[in-house]
Amino acid sequence: PSNTYQTISPATEEVLAEISTATAKDVDLAVKAARNAYEKVWSKLSGAERGKYLYRIARIIQERARELAIAETLNNGKPIKETRDADIPLVAAWFFYYAGWADKLDYAGLGVNPKAHGVAAQVIPWNFPLMMLAWKIAPALAAGNTVVLKPAETTPLTALIFAEICQQAGLPDGVVNIITGFGQTGADLIAHKDINKVAFTGSTGVGRLIAKQVAGTNKKVTLELGGKAANIVFDDAPLDQAVEGIINGIFFNQGHVCCAGSRLLVQEGIQHELLKKLKRRMETLKLGDPLDKNTDIGAINSKMQLDKITKLVKMGVKEGGEAWAPNCEIPK
């Protein structure tokens, strides 16, 4: 059909699934479902009752952890040891945590008897697909909101499995709604007149557009926008530990994380020694199949992202930088 697209494994470019592109009408139906669920069901439940649903979701995530880890690695490209040992356990822990908060909001520093916003529109990126979903949905549900969430177009699979998990947990219809599509779908969602809260994680450019779009409305907005921290190393630092910190920061999640140290600021007296140690350590990293538990660095999430990285490296060389890469075998 013309309203579908293919989501792939970035490691092999194998087609994983056909995904629907939500139209403005689909977005409207999702928001209406969320509003109906908020007005008739979710806002009328006690915090303790909401917490029971969150607890069930957390338990099912644990039960389906292997399935979720494989789906995340297939669709995102990150190594299975990251999804299996970090991402999915943290997702379950997040829902357990907010299950505990659901009946304690009076003690959260928000004043007496805090109120939910209503319907929350949530748009998330591709670098931590299921973790981003958990960070957005769990606190929103615990506080009594209903949700319409759009995952990134390149990584929708675990969000769709999560929708199935919500059904498995018996969550009332319309409390969580997942819509898939590209930027226009997200724009239609954020622009919808019956949204009370907007939560977006992504690029600074899109964040600015959203801020302009909701200006003058009564919508509450939370924006978590792009940015990379610098690693700073002084001459009194234990260099071996510093190297490990740099490696973990730069290569965790292929560097697609806000704390990735894309910039390294080093005191002059130790720069050559640190660089030598860093290069030697990088030679030991294994680039390979993300589903191989021995892989340290998996696949970049999309051709578009890889092209962007390549362009930035070329710009660096053009501006006088020196390009260096370890002698690792690149998978075909």
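Helix 9 passes helix 10 in a right-handed crossing, where right-handed means that the near helix is turned clockwise from the far one by less than a right angle, and left-handed that it is turned anticlockwise. The axes of this pair, helix 10 being residues 271-282, come within 10 Å and cross at roughly 55°, with axes taken as lines fitted to C-alpha atoms, for helices over the stretch in contact, and angles running from 0 to 180 degrees between N-to-C directions. That angle makes helix 9 oblique to helix 10, because angles under 35 degrees count as roughly parallel, over 145 as roughly antiparallel, 65 to 115 as roughly perpendicular and the rest as oblique. From helix 9 the contact draws on L239, D240, A242, V243, E244, I246, I247 and F251, and from helix 10 on E273, L274, K277, L278, R281 and M282, contact meaning heavy atoms within 4.5 Å. Helices here (H or I, at least four residues) and strands (E, at least two) are DSSP runs, numbered from the N terminus.

The model is predicted, so local features need pLDDT of at least 70 and side-chain atom pairs count only at pLDDT 80 or more, whereas totals for chains, interfaces and linings use all residues. Residues are numbered from 1 along each chain as its sequence is written, and side-chain values use heavy atoms, with hydrogens and water left out.

Helix 9 also takes part in covering helix 4, whose buried residues are covered by elements including helix 2 (47-63), helix 3 (65-76), helix 5 (129-142), helix 6 (157-168) and helix 9 (239-251). The buried residues of helix 4 are I80, E82, T83, D87, I88, V91, A92, F95, Y98 and A99, where buried means under 20% relative accessible area, exposed over 50% and partly exposed in between, with a 1.4 Å probe and protein chains only. One of these, D87, is also the site of a kink of about 30°, which lies shortly before the proline P89; the bend at a residue is the angle between axes fitted to the seven residues ending there and the seven starting there. How far apart are the end C-alpha atoms of helix 4? They are 31 Å apart, which agrees with the 32 Å that the 22 residues of this helix (residues 80-101) should span at 1.5 Å a residue, the expected span being 1.5 Å times one less than the number of residues.

Helix 5, one of the elements that cover helix 4, has 14 residues and reaches 20 Å from its first C-alpha to its last, close to the 20 Å expected. Because 12 of its 14 residues are buried, helix 5 is largely enclosed by the rest of the structure; among the buried residues are K136 as well as L130, L133 and I137. The axes of helix 5 and helix 6 come within 8 Å and cross at roughly 50°, so the two helices are oblique to each other, and their crossing is right-handed. Their contact is made by P129, L130, L133 and I137 of helix 5 together with T158, A159 and F162 of helix 6. Just after helix 5, G144 takes a positive phi of about 100°.

Another helix pair is formed by helix 1 (residues 24-40) and helix 7 (residues 183-191), which pack at an angle of about 45° with their axes 9 Å apart. This makes helix 1 oblique to helix 7, with A24, V27 and V31 of helix 1 meeting T185, D188 and L189 of helix 7.

Turning to the loops, both S9 and E13 belong to the loop between strand 1 and strand 2. S9 is buried, with a relative accessible area of 4%, and, not counting residues up to four places away in sequence, touches E14, L16 and L74. E13, by contrast, counts as exposed at 58% relative accessibility, and has a positive phi of about 65° although it is not a glycine. Most residues other than glycine have a negative phi.

D235 lies in the loop between strand 8 (230-233) and helix 9, and counts as partly exposed at 48% relative accessibility. Leaving aside neighbours within four places in sequence, D235 is in contact with Q267 and I270, while D235 and E268, 33 residues apart in sequence, are 8.3 Å apart in space, C-alpha to C-alpha.
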